[in-house]
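Me: Please examine the structure below with me, taking one question at a time.

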Amino acid sequence: MITNRKIDVVKRIAFVASDNNRKSLIEWSYDNQEVLKHHELIAAGTMADILEGTIGVPVTRLHDGASAGNEQLATRITAQQIDILVFFWDAVQPPQYESGVRALYDMAVAGNIIIAANQATADFVLSSQLMNKTHSVPVLPAIQRVRTGTYYNTDASRQAFLKLNTIN
């Protein structure tokens, strides 16, 4: 059965960034500080420091280190405690499977979480009229983790979910 997840006016925005993209994250967060400061920001270690310094608001801090921070973020995604996931990764190199970044992306897709996989999409998300409104999105039931580290839905409701999001 598909349920709806309410997304409040104050969005819970999580950031995942590679070390090569710190400068981009600083510039982007500075350019968007007026919007970002009105939402709950979530990041690990150095990224949290960057966001706090650039925007001037507290950031919910996850454990430092890719593995520990990604694990905490995965827990929040599964618990539907993330509304928007913003990736600042190196476009030349695909996200590393072993660091869990791809698993986070897959979980966010399965959980119908808003994903900005590049700066252009992040700009569009922040400028959306829905950023200042409460709204709901359909969410699939339980997401299960398998041994390979990927995530998938355990029942047949995925078919109905995909039909809801089909544009004719």
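Me: Which residues is Asp 83 in contact with, leaving aside neighbours within four places in sequence?
Reply: The model is predicted, so local features need pLDDT of at least 70 and side-chain atom pairs pLDDT of 80 or more, while totals for chains, interfaces and linings use all residues. Residues are numbered from 1 along each chain as its sequence is written, and side-chain values use heavy atoms, without hydrogens and water. With contact meaning heavy atoms within 4.5 Å, Asp 83 touches Arg 5, Ile 7, Val 10, Lys 11, Arg 12, Ile 113 and Ile 114.

Me: Is Asp 83 buried or exposed?
Reply: Asp 83 lies in the loop between helix 4 and strand 5 (DSSP runs numbered from the N terminus: helices H or I of at least four residues, strands E of at least two). Buried means under 20% relative accessible area with a 1.4 Å probe and protein chains only, exposed over 50%, and partly exposed in between. Because its relative accessibility is 1%, Asp 83 counts as buried.

Me: Which side chain does Asp 83 join in a polar contact of 3.1 Å?
Reply: A polar contact is a pair of N or O atoms within 3.5 Å; within protein, one must be able to donate a hydrogen and the other to accept it, and residues adjacent in sequence count only if both atoms are side-chain atoms. The Asp 83 side chain reaches the backbone nitrogen of Arg 12 at 2.9 Å. At 3.1 Å, its side-chain partner is Arg 5.
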